[in-house]
Structures are given as structure tokens and as C-alpha cells.
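Subject: Handing over the model

Dear colleague,

I am passing on the structure below, followed by an account of what was found in it. Please read the two side by side.

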Amino acid sequence: MTNIAHETISLAVNGERREADVEPRQLLVYFLREQLGLTGTNVGCDTSSCGACTVLLDGESVKSCTVLAVQADGGEVTTIEGLASGDELHPVQQAFHEQHGLQCGYCTPGFVLATVSLLEENPSPSEEEIRRALEGNLCRCTGYHNIVRAVEAAARAGA
Amino acid sequence: MIPAAFEYQRVSSVEEAIELLGRDEDAKLLAGGHSLIPALKLRITRPTVLVDIGRLGDLRYVREDGDRIAIGALARHAELAADPVLGQSCAVLAHAAGEVGDPQVRHRGTIGGSVSHADPASDLATVLLALDADLVVRSPGGERTIQAGEFFTGPFSNALAHDEVLVEIRVPKVEQGVYLKHVRRAQDWATVGVAAAHVGGRVQVGLASMGGTPLRARAVEDALAGGATPADAAGHAADGAEPPSDVSGSSEYRAHLARVLVRRALEQLS
Amino acid sequence: MSILGNRVLRVEDPRFLRGEGRYLENMPLEGAAWVTFVRSPLAHARVNAVDTTAAEALPNVQVFTGADVDAHPFGPPPYWNINPAMVRPLVARDVVRFAGEIVAVVVSEDRASGVDAAELVMVDYDSLPVVLTVEDAAKDEVLLFPDEGTNVAARGGSQEHDDGFFDGCDVVVSDTVWSQRMAAAPLEPRSAAAELGEDGRLTLWATSQTPHTDKMVVAGILGFDPAQVRVISQDVGGGFGAKMLEVEGLLIAWLARKLGRRVRWTETRTENMLALLHGRAQQLEFTLGGSRDGKVLAYRLDVLADAGAYPILGAFLPNLTGLMASAVYAIPKIEVESRSVVTNTTPTTSIRGAGRPEAAQAIERALDLYAAEIGLDPAEVRRTNFIPQDAFPHTTATGATYDSGDYEGALDLLLRSAGYDELREEQRRRRAEGGPVELGIGLAAYVEISNPVAETEFGEVEITEDGGAILRTGSFSHGQGHETTFAMIAAERLGLPVERVTVVKGDTDEIPQGAGTFGSKSTQIGGVAGRLAADEVVERAKGLAGDYLEASAADVVLDPALGRFHVVGTAEPSLSWVDLATRASTDGRLGELKVSQEFQAPPTFPFGIHLSVVDVDKETGKVELRRHVAVDDAGTLINPLVADGQVHGGIAFGVGQALYEEVVYGEDGYPLTGTFVGYAFPSAAELPSYERVEMVTPTPHNTLGVKGIGESGTVGSTPAVHNAVLDALAPYGVHHVDLPCNGENVWKALQEAKA
């Protein structure tokens, strides 16, 4: 801990109002994981390259490792934990399941949120558009083939 | 991964930001954070205080202003890439904005932040240089305009005084422009980037990742003005440049790429 | 109707999709102290002093140096025949031998203070000369272990070279492939945590593919009785062969004992790129001789492997490279020699394929060079030299006994699926048209060795009170889907729905032994062990059912479709597993329905053939992978959905080596590719969709007929892409392009050919 004054932030996370004191240097991803206990969002790199930390901030996909918690003050954050409705998976989650779009699962929350954002902006993307839209998310297990199938399936399902 | 500690001030006006910058020479502006925060995380930079101008909504716009397009410094890359006015009147800049990083980065990164960061590999900076853009900055003394050609003074350094804030970028309306970016992977910084456009009756060419700043390929421009073919003019692409050598490419390879990409850009222009 | 062979969706998916993955860094671990490692920025230096004063002046910070850490050094097991003097202290004392070596250990109350304190640890170094390449290391000028007098850490194969080896060969071709240093780069960086219980038992939580082996290593190095050590790996985010116990885990365990409290560590990606052991880094010098009409007669392979600073598994892998040197070809004469040398770089270990991709990368280039020299189509030259389909089991001149194979069948299937003739036609057309982009078509046949050291795996099936089953396995899935595939294997034997079989792994207290998961061995030994245990449970259940149905066990059958036991010939009365479990539980006999088995089998030999289609921009050199067609035969497919995924991932890994990735060191020995910015492993934007073609040639080595598929895609893909690039550049007289075939390396090759 340092002597720097903490900032009080207030934001909506998965629809719930949250308030907390944070060090200015605290990254949004660590705020979500460590202060809110939402450990579904993962840290995969330290150069904003891998996208494992992708969440929605005010409806848009962002890399939460490259956003300070203080920047999210007053905003709305959606993490992977906020997608399913009880037992029912979000159509994007369901599509990843049906297309075997995950193996170790570590990159998966990031890809799912990136896909939600993509389909919001482009509801019927071509394969090429999908691959370009996922340029900021890295996976070492799947070779991406089934991730692309999952996005296509989610698009067909009207996700 | 964890930045060194800093203080934080969120401001509600440019003037407030200017004042805070003036008080502390180790203060830094925070806009979208997508140039600054990566540097903070690797502890390459250790500001004492971040002055957060990210919410100054007044600086987020694209509008026609006579024969120029005025772009607010806090406009985000994704906004520029999709902007109809920009797409209509300066498509090369809209296209380049769509090439920066990846979708998540484009949702947050701002043109002002990216350009001020003065990375010699910056796509937007390179296009602005080729377009002879004007950068409008505000200081305690008022507003002044810096031409793009004067703005980039060295690797990651710009012509701004410490207490100056870039507020607007003004680009000419350009009917024809091309930005070609050679990368290893789609999300990467340009190994070499080439911007070419018809500006005020002549073809102007900007180069990314060919030196300590984005560069104008003046030898190419002069050759064209002198009647050379695109192929011949492009042969001068690396004249006077000292391209870096790194894992993305050696300086010889970069020089070669510049010649190839300039030729292709010029061929696309005609 | 067997469930095996069906595309069953994975039962483990929900928790990953919901963000409830049980990754170690997600564990709360209340009260744990944070550990941060201070690492040498220098590749080779004497350590004169470590000043911890400034760091320890921060509140609640403690720093330990090499002098403090009283533990055995970390070295390879003796049967790898690696110089036993070249061991690694857990924390460096007098000398550091690679950039990234640990010189001090910081303990703090939170992550951020640890980073702050680590920066304040002042180390006084005297730089030493640095040796970074295998060629330089082999000169034995700059020595990492001066007392040893050499940088050679291990040797393999035969030191004798027969001067007349290529006598009688009309044609001799040779070249050197540098199979470049790669990073495993799993998306999850490593974590470790440990605590010493009041009962004196040590619990180590790890992100490891091999919890049981790790337990023995921890016990040995830290002086515990193995019974006093528990290792727990839960969900691990990818491993690719590199995530096994390393010095960091040992230090975490040591600290837990030293401090008497919980400690935890999670590395940053930068740290991971530096300190997670690297892979490949083998120089492959090959010479192939044959007749003018296409018969290969002799092959020599010289391997010079980079062990990094402290030789461990990477120094042993050339033995596998040499074993698989002749691949799918019936080559009568083979000579292999290997040396592993130390350099001032991160130590090397297994990563996906572990020695077999290297073997394929050499022989497949050799075949193409030979084909070009004699003017025969690469597909036909391969066909001419395949080990014939009726020749199995086949023992190669290197001493590997291949169990089953049909290489010619694979080639025919591939050529048909890919439309090979049409592709060659398109290439002819494109070449006639001219244009800046050349089309290249590359083939690579391979055979690889799975379960390479013939390991034993444990499987236990236990029927639970509610009539379901638990399958405890010593295998350790870290993305491979065992929770589904092993459940399918047991479920099929038990007659239970897949969802009623819960697969448990990773806790050495719950599972008494295990070989972990690497070498593509899990299904063929772990899955089979589970099957054997399930079969034995069924036999015992018949006995119990017989008692309840008042019949003899020999007259009782299990209807696997319904999961009900009944007397043969009469469907009712019958007992479901629920019925049986309930009654057995009441009678105190449920424990009879718990059986453990071990299964050991010799290695199996998955094989296949890949075809790659690339577009090469001959001006920029940039290569785009347009199509990749893969026939991969790993025997019986338990779950084709999961098998597809393994092949896709394997292909991407191999394409990464072929076109994008390399760990590059600066002259001073510090890596230039230390982050995901510099280390360019591909995204979806760089890769196409793949065309996987199924082929099944079972193995006789287990009742399922299953081999291992996890590494197959990688072994076949790198040489197919490499050959495709060379094929594209053939009209320009290019015979060699360094890996990775990125724009610059292609451009350089074109320049050299022009000169």
C-alpha cells in the first residue's frame, strides 16, 4: 500500500450498483477480480495483447487491463458472470458450448464478451469479418476454428 | 503489470487540466489511456499525477469546417472509423483509424492521445503528417496551431509545452488517399506504414516506423512532382531515412518494404 | 449403441463459460503472503552482493537470497544421462547463467508492494561473457560450468560417422533446419501457492500438468517424506508440455515451511516469457541419399540442441528426435548423432511435440529437396518410400517399433480431399500469368510417438450412494476434455449416462498415483485404466446384483443401454445402478463397488499427412496461409468433437512455428520477444479454417485401439507449411528459408537466390 489517497468510485457491475475505494493505479481487471470477487475475467498478458480481460464498458468491448478502475466510475460494466440468466446460458455462451469453442477455458470469457460486442455492431459478419474482429483476442488451445464456428452459430441464433 | 503509484485528478475543463499540468512537470494527461496505461504497467513512465480529461465530451466530435474537417482530440478510433463525414471527406484517415490495434483498443483510444504519444509507428500520426494536418493546442496563453510537420520532434516526444493540451485536429478534405500497413499480425504496430494522398494539388506521402518519428517521404514527393512514375518515385521511399531494426524487421527490410508499399500506394492513388 | 465415437458436448464447459473456472489465481487463499521474484537482467554474471535494505524498509516486506535458501538444487533425473553437475540452485548464489534467473525472493502482504519492493533490491553483478548460440556453445570457449570443461550436457545416438555412408547413392541432398526456440505461451501464466499444515503436511497448489511427479520432486528436494506432501492442480489454463514443477513452485513450498504461513505467487506474462521453460531450439543438420528413380537409401541426422542454461528435459529430447528421424519412410540406413549444449538462455523443455516436430521438420525438408533434385513430384517420392501398409508392426533402423499405420492410404485420402491435381493446375496457371503473389503447395507426412516412455496410468471407478460413478484418474486434463471423454469411456462400460460419471483429477491425496498429461498418452493409458476399472466394477456389481436377485453372479448381465442388471434371459426383475447402490449402501457393501486399476502399454504411433496452400507475396515476402488440409490418424476416436479441437489447436501451434513465432535474444542475452507484442503468436485473423479429414487405424496396444492425438497436428503442420513456402519460391532458385517463414526471412532468401 502507498500513501496515495484512494478514490471512491461508483459503478454498475452486471446490473448491480457497486461502490468502492480504489488506488488510482488499480486496473479495472484487478478491481473486478480482487475487490468484487468476480474472478471470471482473466489476466493473460501485460501488454494489452491477449484480450483475456475483455469486458463490456458502457456496452463496448474493452480490455479491462488497460482501463483504470477510476475511469470506470459512473459507468456500466458487464463481465462474463453477468451474461447468463440463472441456468440459461447467453446465446453466445451456448454457441461456444455447442461448437466446442473452448478447451482450457482461460481465454473464453474474453472471447465471449468480444463476440457479444461484435454481434452488437455487426449482426451478420462474414468469416473474414469475424476473424478481423477477434484480432485482439489470443487463444493457444483451439486454433480458432471452432471459435469462428461459435460466432457464426451465435449470429445465426440472433445473439 | 502494476503501475508505480500516482495521484489522480479528474478535470471538468481543459483549463483545469492546463492548470494542473502547469503545477507539476511530472503530471501526465489521461485520455483513452491506450498509449499511457501500457507504459505505466511496464513502469516505463512514472508520472506523479494523472490528469484525467477523458470525460470532456466537448472534445469528442467530427465536423465540417469550411474546407477542413475538424476532429475533437478525444474522438475515439472506432468513432472515426465509422464516421460518415470523415468517411466522405477524408476516408484515408477513417480507414487508418480502423487499423489501429484491435476493436477493444479502438473503443477507448483517442486520436489526441495516440497522436500526442508520438509513437513513430502511429498510423494516425503518419496520416496526419501526410495530410499536413493542423493540430490545435490550448495553453494558459490561449490557442495556437502546430502543423503536423512540426509536431513530432523525436521518438515519443512532441512539440507541446508541458502545460499545453491538444484539443483539435484539422485535416483537409481529401478525395483520394491510401493507407497501407504491413504487419506481422493484424493487431500489431506497423512494421512499415505508408500514407499517400492528394493534398492541395500534389501527392504527399507519410511513412510509419521508418525512423524516430513518422516521416514525410519528401524525395518521393519531389520525384513525383518532377514527373516520375510511381515506380520510379517509390525507389526514393527510404532516402534519408534511418529505419529501426527490431524483431518486426531489420532496417534493410523496412527500407525495402517502404519502397514496395509506396509504389503500391501511389499506384492505387492514380 | 455405444456412446464412443459420438460428438458429445463437453460436460466441463459450463463453469468455463460462466467464468467459474477454478484457476489457481482465482482461489481466495485468505491470509496468504505474496511472493515476487527478483530476476537477473543479465545473461551471465557473477553475483557479488544482494542488498535488500531498501526493499525491506518497505512495511511488511521480507527478502530472501540464495544464501538463505537451504534446499537441494534442481536437476534432471539420472536416467536422462545429463551431466549431473549442471544443476540449478533454486536461487542463484555466486553466478547467474541466464536472464531471468532468480536472485532474490520478496515476500509482501499484497501484490503491488511486492512489485515495488522487488524494484528496490540492489544486486551487484560483474558481467561475464555471454554465449547464446549452439554453434558458439559447442566451441567450448565461454563455459557456463568451467569445472566441467565443456558446454556439452548430454549426447545421444552414435558418435561414429561412417565415411562410406552414402556410397551407392546417385543423389545426395543436405541442409540445416534451425527449429527455432519457441515459447509455450499458455494463456494462463503460472501460479503457485503453499501452506504447511499444523500436522506438518505441506500442501502445494500448482498450475501443473504433473501433480504426482511434482509431489515426489518437492519431497526429494525439500526433504519431506512424500506422504507428507499434497499437490493440488485444479483447472489449468493450457500447458503444452511446459507447465511442470519448476524452481518457482519449489521456492513457494520452501517459503511456506520457512515462514509457517500461506504464500502465493502469480507470474506476469513478461515473467512467463522469460522464465517458463522454452522449447524446440534444435539445429538439425540432415543429409539424405537415394537413387535417381526415387528410392531413399540413407539418411543422416545431426542434432545440436540448445539446453539453455541448466539442462533438463530439453537436453534429453534429441533422443526422441533421433528415434523418430526416419519417420514414415522405410530407410534402410540411418545415422543419428545428437549433442545438447548449454547456453546463457532460458532452459528448454518439452513443448507440444517435444522432439518429434523437429524430426519431421528435418526429414520432410529432406524429401522435398530430394524430390526437386530428381524431378519427381513430392507426393510420389513420399509414396515410393513409405513403410508399406502390410509391414506392421515395423521396427525402424533407429529402434522404434511402430504399432500400426497406413501411410499410403493417408496420402491417397489427403490428395483426394485437398484436390491436389486441381491445386497444381491452379499453380501452373498462376505461374503462367505472372503476378506478385506466388502459390505454394506443401506436403508433410509424419509419424509420431505417443506415450513415448511407455508409462503406467491409474484409474479408479467408484459407484456412489446415488448410483452415479466417480472416475479418479492420474491423467491431468488442462483443456483436453477428459472430464467428458474419460466419462464416456466409463459410462459406456457401466451403462450410465455420461453426466452421471464425474471425473476427478489433480489432487494427490485423492488420487494415489498418476503420470500426468503430456506426450499425448492420457487416453491410451488413463482412459484405458478407467475402462478396466469400470469393467471390474461391473463384474463386482453383477455379484452384488446376483445376491439381491438371488441368482449366481455368472447368470447376471448388465444391459448397458438401460444400465440395469438382470438375470440372463429375463429382463425383469432388474436393478438399476441407483437400486444397487441404495441397497449396497444400506448393507454396508457399497465399498465393493470401488476398483482401481493400473494400465501400462508400449508407445503408439499416430501418423498423418498435411497439405498446406500458401500465397507468398514475392515483393514483401509475406506469407498467407490460405488452406490447410490435415489427415491425422490417432486410432479410435472416443469423441470426434474433442479430437477435432486437438488437431485444430495442434495445427495452429505448428503454423505459429512455421510462419510467426521465435524467441529472439539480443546480443546481451536479454530476450527481445519478452511480451506478446514481440512474440507474435497468431490470432484468428492470421489463420484460415482447417480441413480435417478423419482416418482411423487402431492400435493393437489397448482394447480401445486408441493412440494419442494431442500433438499430431503440430508435428504435421510445420513442415507442410515450410514446404509450401519453398514450393512457392522454387521458380526463383530458392532452396532454403529460415523458420519462421515471415516476410523478412522469405525476402532474404529471395535476395540470396538472386545473388
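**What was found**

For the 755 residues of chain C, a compact globule would have a radius of gyration near 27 Å, and chain C, at 27 Å, agrees with this; the radius is taken over C-alpha atoms, and the globule rule is 2.2 Å times the number of residues to the power 0.38. This is a predicted model, in which local features need pLDDT of at least 70 and side-chain atom pairs count only at pLDDT 80 or more, whereas totals for chains, interfaces and linings use all residues. Residues are numbered from 1 along each chain as its sequence is written, while chains are lettered from A and ligands numbered from 1 in the order in which they are written.

Along the principal axes, the C-alpha atoms of chain C fill a box of roughly 85 × 75 × 45 Å. Chain C holds 19 helices and 28 strands, where helices (H or I, at least four residues) and strands (E, at least two) are DSSP runs numbered from the N terminus. The contact between chain C and chain A takes 43 residues from chain C and 45 residues from chain A, two residues being in contact if their C-beta atoms, placed from the backbone, lie within 7 Å. On the side of chain C that touches chain A, the elements that give two or more residues are helix 1 (13–17), helix 7 (269–275) and helix 17 (640–660) of chain C, and the largest share, six residues, comes from helix 17 of chain C. By class, that side of chain C has 19 nonpolar, 16 polar and eight charged residues; here Ala, Val, Leu, Ile, Met, Phe, Trp, Tyr, Cys and Pro count as nonpolar, Asp, Glu, Lys and Arg as charged, and the others, Gly among them, as polar.

Chain A

With 159 residues, a compact globule would have a radius of gyration near 15 Å, and the 16 Å of chain A agrees with that value. The C-alpha atoms of chain A fill a box of roughly 50 × 30 × 25 Å, taken along the principal axes. Chain A has five helices and five strands, and from the N terminus on its elements run β-β-α-β-β-β-α-α-α-α.

The domain assignment of chain A gives domain 1 (7–82) and domain 2 (91–156), with bounds that come from an automatic or database domain assignment. The C-alpha centres of these two domains of chain A lie 21 Å apart, and 15 residues of domain 1 of chain A are in contact with 12 residues of domain 2 of chain A. Strand 3 (54–57) and strand 4 of chain A are the elements that give two or more residues to the side of domain 1 that touches domain 2, and strand 3 of chain A gives the most, with three residues. The residues on that side of domain 1 of chain A divide into six nonpolar, eight polar and one charged.

Within chain A, helix 2 (residues 91–98) and helix 5 (residues 145–156) pack at an angle of about 135 degrees, with their axes 8 Å apart; axes are lines fitted to C-alpha atoms, for helices over the stretch in contact, and angles run from 0 to 180 degrees between N-to-C directions. That angle makes helix 2 of chain A oblique to helix 5 of chain A, since angles under 35 degrees count as roughly parallel, over 145 as roughly antiparallel, 65 to 115 as roughly perpendicular and the rest as oblique. In this packing, A:Pro91, A:Val92, A:Ala95, A:Phe96 and A:Glu98 in helix 2 of chain A meet A:Ala150, A:Ala153 and A:Ala154 in helix 5 of chain A, and by class the contact has seven nonpolar, no polar and one charged residues.

Chain B

Between chains A and B, 26 residues of chain A are in contact with 24 residues of chain B. Strand 4 (60–63) and helix 4 (127–133) of chain A are the elements that give two or more residues to the side of chain A that touches chain B, and the largest share, four residues, comes from strand 4 of chain A.

For chain B, the domain assignment gives domain 1 (7–52), domain 2 (57–172) and domain 3 (177–269). The C-alpha centres of domain 2 and domain 3 of chain B lie 20 Å apart, and 24 residues of domain 2 of chain B are in contact with 24 residues of domain 3 of chain B.

With best regards
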